[in-house]
Amino acid sequence: MMPRIPLDQQLLDACAAVMLLLSFAMLSQRRVVSLVNLYAIQGGTLAAATLLVAWRTGEGHLYLSAALTIALKVIFLPWLLYRLIRRLEVYWDTEPLLNLSGTMLVGLVIVVFSFGLAQPITAVASTATRSAIGIAVSVVLLAFLMMITRRKAMSQVVGFLSMENGLFFGAMSATYGMPMVVELGVALDVLVAMLVLGVFFFQIREQFDSLDLHHLESLKEGD
Amino acid sequence: MELLFLLGLPVAGAAVFAFAGARREAPEFNVAFSLGTFLAACTLAARVIREGSLLLWREQFFIDPFNVFLVTLTAFVALTTSLFSRPYMRIESAHGRITPGRLKLYHSMYQLFTFTMLLALTTNNMGLLWVAMEGATLSTVLLVTLYRTAGSLEAGWKYFILCGVGIAQALFGTILLYFAAEKILGAQGVTALLWTHLNAVKSQLEPSVLALAFVFLLVGYGTKVGLAPLHNWLPDAHAEGPTPISAVLSGLLLNVALYAVVRCKILVEGSLHSALPSRMLMGFGLLSLLLATLFLWRQRDIKRLFAYSSIEHMGIATFAFGMGGPVANFAALLHMTVHSLTKSSIFFTVGHAAQKAGSQLMDDIRGLITLSPTIGWGLMMGSLAILGMPPFGVFASEFLILTTAMREQPWATPILLAALGIAFAAIFGRVQPMVFGETRLRRLPHAPALLPVFAHLAIVLLLGLYIPPYLADWYRAAARLIGGP
């Protein structure tokens, strides 16, 4: 007979599982709009997990953090990305550098590796959410894989944002979140980064008439 | 109070220039704001010399001998660079490479960049340090792409993505640090990320977690230092952006990033009681040094050449911090100072030389000494200084590092010597025909600013001949603080 796991713990584990599944879904998705949808859902899951932990531990600042996540990662950034996609007319990513089954296999290896990497942290963690640390590391590394294998600037950016989701999830599960001033600062940086990127995309488009990154491979060593 | 001015003036400057940065007198105001910041830095430094380390504003800011010297250096180079950028950007406008709108962006971001660096240096909060480092990237991305050429866009994109990903690793490292600290310093730690508190309890922090944290922090901030193999963004960003930005990136940003690495190293070393952090720093340092010297040979663009030279010198400083101990730390701090001054002065001359030739390719730049002797001599002296010729200060720091390496890490000595030799041949061989040789260069529409060049070189020369006692005390105090095995 397995020991009974409390309901909120089960819900948290479910959130963690959904985060991981969404990372894999992003890895395989080539339609840019769907990619942004997935990102928004991942942000929503992160917010849900944060709310659960906040309710369970009664940490007031986690409610604020969840609200920030919803405002920024579920509403504002996806809206900004949809707008960019429409204005720049980039709907599809081209074939990734590694084919789909290959990417998935590498992804699996990464998940196993992440759990190994998270082992020393999980061993000393005292939070109720420590089982999710391995998943958080996986989300970060899978996002990294996505950035490496994609060619379109837009998919790389979604990968970058997903990596940041994973980091927040990691902070939440290891220590119930960072101090508020740091969380605000990080959120501000992400926001500014996306605004800078918006400007930047238009500059790239103006110059090359496309957002395909193979235009950006001319600076080589020795030139 | 000094701190308020130090951090407030650049922010105010950024706000003012966001509206009025395209005005005719904007460059003069840029100098004025930078001068104000520098004066604030000087008074702050005087206060630290008088009263010792300071904790300000509910311990959120911490000034000790280590960072106050970098604060002063940063404010000083920001000031001289603003002096240089005054005629430089006017010439760029006259050559039609820059529109008034972009000039506004440039001035505003220049001040914001100064602010993020000073914030990174003075903050006591490891989380805010991260935020400021990321802010430094964001404020310079649009400056790298200021000319909107294909090359500059590529450089900007690379800079953004590589440093973004790198800094994300550092965030993970910071989270791990917080995780380890929270156990000792208590949850809901308003204090758990404050460096002074971490430093006080560093021997109790969980070693396995801190070791992992250090790997991520080193990779993350190391990307910004330009340590190989994460250096790819650096030469592109230096070559494609406007020259004043190359000067501050090389002279200041790399220093600030290295500062972050060293701060982390102090904590981790206190927890681990092993040589792991030192070995990692030495390894990354030597690798950067070697790779950079090999790439030096293949460069044709003058700004890329000196960008690789920056990687080389950051490698030397990182290696010295890795060796640790009072002498090596002293040498590394001195090396950071003289490299920063020399490299920015080189970029000043290089900027005007490239404007005269209308090209950054070294084959197009010839005979500087005939047409404008000051630029030619500036470049020659700067290159000799950076190559570690006596009596310049770089010689003193490299000599100290080499002799310490012979005693502490004899295996590294041949690598260091070989790399320095190769770098000498590569750079001197390129600079010589640019300074002498036949010329067909044009005149510039505005008189170039060479005062900063010779001011920097004079200080470097002075530091090579004689380090004033208060400065030496200062370095020694900082070196003791950094410690080592």
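## Close-up views of a predicted model

**View 1. The loop around B:P391.** B:P391 counts as partly exposed, because 14 other C-beta atoms lie within 10 Å. The structure shown is a predicted model. B:P391 sits in the loop that links α15 (373-386) to α16 (393-408) of chain B. The peptide bond between B:P390 and B:P391 is cis, with omega at about 5°. Leaving aside neighbours within four places in sequence, B:P391 is in contact with B:L461, B:G464 and B:L465. B:V431 is 40 residues from B:P391 in sequence. In space, the C-alpha atoms of B:P391 and B:V431 are 19 Å apart.

**View 2. A cis bond at B:P229.** The peptide bond from B:A228 to B:P229 is cis. Its omega is near 0°. B:P229 belongs to the loop between α8 (207-225) and α9 (233-240) of chain B. Most peptide bonds are trans.

**View 3. Positive phi at B:R148.** B:R148 is not a glycine, yet has a positive phi of about 55°. Most residues other than glycine have a negative phi. The loop between α5 (126-144) and α6 (150-185) of chain B holds B:R148. Is B:R148 buried or partly exposed? B:R148 counts as partly exposed, because it has 16 C-beta neighbours inside 10 Å.

**View 4. Positive phi at B:H273.** B:H273 has a positive phi of about 55° and is not a glycine. B:H273 is placed in the loop between α10 (243-272) and α11 (276-296) of chain B. B:H273 is exposed, because 10 other C-beta atoms lie within 10 Å. The cut-off for exposed is 12 or fewer.

View 5. Helix α13(B) runs through residues 325-357 and has 33 residues. From first C-alpha to last, α13(B) reaches 46 Å. That is close to the 48 Å expected at 1.5 Å a residue. Of the 33 residues of α13(B), 29 are buried, so the helix is largely enclosed by the rest of the structure.

**View 6. The contact between chains A and B.** Chain A gives 36 residues to the contact and chain B gives 39 residues. On the side of chain A that touches chain B, α4 (100-124), α5 (133-149), α6 (153-175) and α7 (180-208) of chain A each supply at least two residues. The largest share of this side, 13 residues, comes from α7(A). By type, the residues of the side of chain A that touches chain B divide into 24 nonpolar, eight polar and four charged.

View 7. Chain B contains 19 helices and two strands. Along the principal axes, the C-alpha atoms of chain B fill a box of roughly 65 × 55 × 45 Å. Take the contacts in chain B between residues at least 6 apart in sequence: 82% join residues at least 24 apart.

Notes
Residues numbered from 1 in each chain as written. Chains lettered and ligands numbered in written order. Predicted model: local features only at pLDDT ≥ 70, side-chain atom pairs only at ≥ 80, totals over all residues. Helix = DSSP H or I, 4+ residues; strand = E, 2+ residues; numbered from the N terminus. Contact = placed C-beta atoms within 7 Å. Expected span 1.5 Å × (residues − 1). Buried ≥ 20, exposed ≤ 12 C-beta atoms within 10 Å, placed from the backbone. Nonpolar A, V, L, I, M, F, W, Y, C, P; charged D, E, K, R; others polar.
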